[in-house]
Amino acid sequence: ALLHSAWFNGLSNPGADPAHPGGIFSGCCYTTRPGQRQLVESPWGSFLLLAALAILDGDLSPQQC
């Protein structure tokens, strides 16, 4: 469900638009300015998504994370 959500922009045409490259997971909420929060891409958010997918696929055990 997460890969089909608005938080993941997909991989259908990566690199077609340099302003919006494919494969970005922007589901992490950060306070970017006082009183303002935004959904952004972050290294830890992308890592956790990749780890969860690898666990679901059986390529990684939760104990390895």
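1. Helix α1 (residues 43–57) contributes the most to the nonpolar patch, with three residues. Helices here are DSSP runs of H or I with at least four residues, strands are runs of E with at least two, and both are numbered from the N terminus. The patch covers about 430 Å² of surface and is made by Y30, W44, F47 and L48. Patch members have over 30% relative accessible area and no salt bridge; like charges are joined within 9 Å, and nonpolar side chains (Val, Leu, Ile, Met, Phe, Trp, Tyr) within 5 Å. A salt bridge is a side-chain nitrogen of Lys or Arg within 4 Å of a carboxyl oxygen of Asp or Glu. Areas come from the Shrake-Rupley method with a 1.4 Å probe, and for residues only the protein chains shown count as cover.

2. A word on the model. It is predicted: local features need pLDDT of at least 70 and side-chain atom pairs count only at pLDDT 80 or more, while totals for chains, interfaces and linings use all residues. Residues are numbered from 1 along each chain as its sequence is written, and side-chain values use heavy atoms, with hydrogens and water left out.

3. The overall plan is brief. The protein has one helix and two strands. Along the sequence they follow the pattern β-β-α. Of the 65 residues in the protein, 15% are buried. Buried means under 20% relative accessible area, exposed means over 50%, and partly exposed lies in between (1.4 Å probe, protein chains only). The protein exposes about 5000 Å², and carbon and sulfur atoms supply 60% of that area. Take the contacts between residues at least 6 apart in sequence: 10% of them join residues at least 24 apart. A contact means heavy atoms within 4.5 Å.

4. Next, the strands. Strand β1 (residues 28–33) and strand β2 (residues 36–40) pair in the antiparallel sense over five bridges. Strands count as paired if DSSP finds at least two bridges between them. C29 stands opposite L39 in β2. R33 stands opposite Q36 in β2. The two strands, β1 and β2, form a hairpin with two residues between them. In the turn, G35 has a positive phi of about 80°.

5. Q36 counts as partly exposed because its relative accessible area is 28%. Leaving out residues up to four places away in sequence, Q36 touches Y30 and T31. Y30 is also one of the patch residues.

6. Is S42 buried or exposed? S42 is buried, because its relative accessible area is 3%. Its place is in the loop between β2 and α1. Beyond its neighbours within four places in sequence, S42 is in contact with F25, C28 and Y30.

7. Now the helix itself. α1 has 15 residues and reaches 21 Å from its first C-alpha to its last. That is close to the 21 Å expected at 1.5 Å a residue. The expected span is 1.5 Å times one less than the number of residues in the helix. The buried residues of α1 are G45, L49, A51 and A54, and they pack against β1. G58 follows α1 and has a positive phi, near 85°.

8. L48 lies in helix α1. L48 counts as partly exposed because its relative accessibility is 48%. A51 lies in helix α1. A51 counts as buried because its relative accessibility is 7%. With residues up to four places away in sequence set aside, A51 touches L60 and C65. A51 and S61 are 10 residues apart in sequence, and their C-alpha atoms are 9.1 Å apart in space.

9. Last, the segment before β1. F8 is found there. F8 is buried, because its relative accessible area is 14%. Which residues does F8 touch, not counting residues up to four places away in sequence? They are L2, L3, G23, I24, F25 and L49. L49 is also among the buried residues of α1.
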